[in-house]
Amino acid sequence: MKPLRLLPTRLRDTLRRASHRPSIPRSLPAVLRSLLLPAGLLTGLFAGLFAAGCGSPHASLQRRIDRLLDTCDGRVGVAAMLPDGAWITHDDAPLPLMSVFKLPLAVAVLERAERLGISPASPVEVGAERLVAGTYSPLRDSLPAEGGTVALETLLRYSVSYSDNIACDLLLDAIGGPAALDAFLRQRGCDGFTIRVDEAAMHADPAAQRRNTAPPSAVVRLLDRLLRGELLGAEATARLCRLLEATTTGPDKLRAGVPAEVRLGHKTGSSDRIDGVRIADNDAGYLLFPDGRRCCIAVFVAESRADDAANAALIAAVARTVCDYLAERTGG
């Protein structure tokens with residue numbers, strides 16, 4: 001199969017189009033062009049946020065989480081869907097996603113590829129003009145200066161497992177940009193997400209890192225629906241889960257609070273600091289316990305002056321609290 005060449009594209013302001021019609025890069029190769037989401041996607045109704053009430057059967061866990069977080073610096077949003085479907089939340093409001101938005105992006109790319117019969121092995125040639133400096137990109141570092149050819153599934157692996165910013169923006173361009181991803185999520189009933197910018201825009205202006213948002217519960221719902229097979233077919237679901245379970249970033253976040261015997265698939269996110277304030281330190285994932293139970297959890301630390309190690313330790317502490325609680329119960 002002859003490799004396709006991805007030519008440079010300009011950053012597009014797709015948001016000004018009320019119809020969310022995707023802007024198509026002139027020279028986007030056929031493999032990626034065919035992933036473009038259709039214009040005029042239907043919007044969904046926003047679901048109410050979940051809160052654990054006083055009568056919750058898991059009120060003691062809610063109290064533990066509240067006590068852990070009430071004196072923390074900044075804001076800490078938490079949502080956890082327990083094995084019995086009950087919810088635990090804390091400050092479950094829209095917060096900056098950072099690289100956690102690469103999770104719904106992967107869902108959109110895989111859904112489109114699956115529906116159109118596009119092979120994950122389809123080759124894409126990445127030109128030198130895409131290998132920009134000044135952003136985190138193991139993909140760039142793996143290629144010669146003149147660029148090279150990678151498979152679509154390789155772009156997904158770099159974007160999800162390695163949180164690669166260049167791979168992310170290649171995939172985001174392929175489906176039509178931030179507005180197209182935002183519309184796709186609403187069409188699929190993944191409510192609560194607001195996607196406005198790509199990685200290039202966030203690195204050009206750190207303040208833009210606050211523009212892609214979701215409450216933790218929205219990410220948890222997406223993870224739960226992924227595991228249930230409601231978003232992708234079996235093969236694509238398994239592919240994305242493998243990528244999430246191969247995540248290399250944030251070993252001191254959720255992973256540090258989850259027992260080794262529990263399978264964890266997760267996506268992390270971290271921001272720059274502005275005047276000493278960390279815009280966001282995040283982790284969201286699913287936990288698969290040896291006894292067959294599962295739990296989905298998201299912890300977003302926002303606007304924190306604490307150092308990175310303290311923020312990561314807090315995320316790990318929330319995960320550990322949930323895991324300890326579930327270990328105390330047999331019905332979970």
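In this predicted model, the count of disulfides comes to 0. Cysteine 296 is in no disulfide, and the nearest cysteine sulfur, belonging to cysteine 295, lies 6.6 Å away. A disulfide here requires a pair of cysteine sulfur atoms within 2.5 Å. Cysteine 296 counts as buried, because its relative accessibility is 2% and the limit for buried is under 20%. Cysteine 190 is buried too, with a relative accessible area of 7%.

The protein as a whole has 332 residues, of which 58% are buried. Its secondary structure consists of 12 helices and 11 strands. Among contacts with a separation of 6 or more, 70% are made by residues 24 or more positions apart.

In soluble globular proteins, nonpolar side chains tend to be buried together. The largest nonpolar core in this model contains 67 residues, and those with the most contacts inside it are Leu97, Leu139, Leu181, Phe193, Val219 and Leu240. Helix H3, residues 102-116, gives the most to this core, contributing 8 residues. Apart from it lies another core of 26 residues, including Leu61, Leu254, Val262 and Leu326.

Leaving out residues up to four places away in sequence, leucine 240 touches Leu103, Ala106, Val107, Leu110, Val160, Leu226 and Leu232. One of these, Val160, belongs to helix H5 and is buried there.

The buried residues in H5 are Leu152, Thr154, Leu155, Leu156, Tyr158, Ser159 and Val160.

How do the axes of H3 and helix H7 lie relative to each other, and at what angle do the two helices pack? Their axes are 10 Å apart, and H3 and H7 (residues 178-187) pack at an angle of about 80 degrees. Angles of 65 to 115 degrees count as roughly perpendicular, and H3 and H7 are therefore roughly perpendicular to each other. On the H3 side, Pro104, Leu105, Val107, Ala108 and Glu111 take part, and they meet Leu181, Phe184 and Leu185 in H7. The residues of this contact divide into 7 nonpolar, no polar and 1 charged.

Histidine 58 is found in the loop between helix H1 (30-33) and helix H2 (59-69). Not counting residues up to four places away in sequence, histidine 58 touches Leu82, Asp84, Ala86, Ile88, Tyr325 and Arg329. For isoleucine 88, which is 30 residues from histidine 58 along the chain, the separation of the two C-alpha atoms is 7.8 Å.

Aspartate 91 has a positive phi of about 45 degrees although it is not a glycine. Aspartate 91 is placed in the loop between strand S3 (87-90) and strand S4 (95-96), and at 32% relative accessibility it counts as partly exposed. Glutamate 303 is likewise not a glycine, and has a positive phi of about 55 degrees. Its place is in strand S11, residues 294-304, and glutamate 303 is partly exposed, with a relative accessible area of 29%.

Definitions and conventions
Residues numbered from 1 in each chain as written. Heavy atoms only, no water. Core = buried A, V, L, I, M, F, W, Y, C linked by side-chain atoms within 4.5 Å. Buried < 20%, exposed > 50% of the residue type's maximum accessible area, 1.4 Å probe, protein only. Helix = DSSP H or I, 4+ residues; strand = E, 2+ residues; numbered from the N terminus. Contact = heavy atoms within 4.5 Å. Axes fitted to C-alpha atoms, helices over the stretch in contact; angles between N-to-C directions. Parallel < 35°, antiparallel > 145°, perpendicular 65-115°, else oblique. Nonpolar A, V, L, I, M, F, W, Y, C, P; charged D, E, K, R; others polar.
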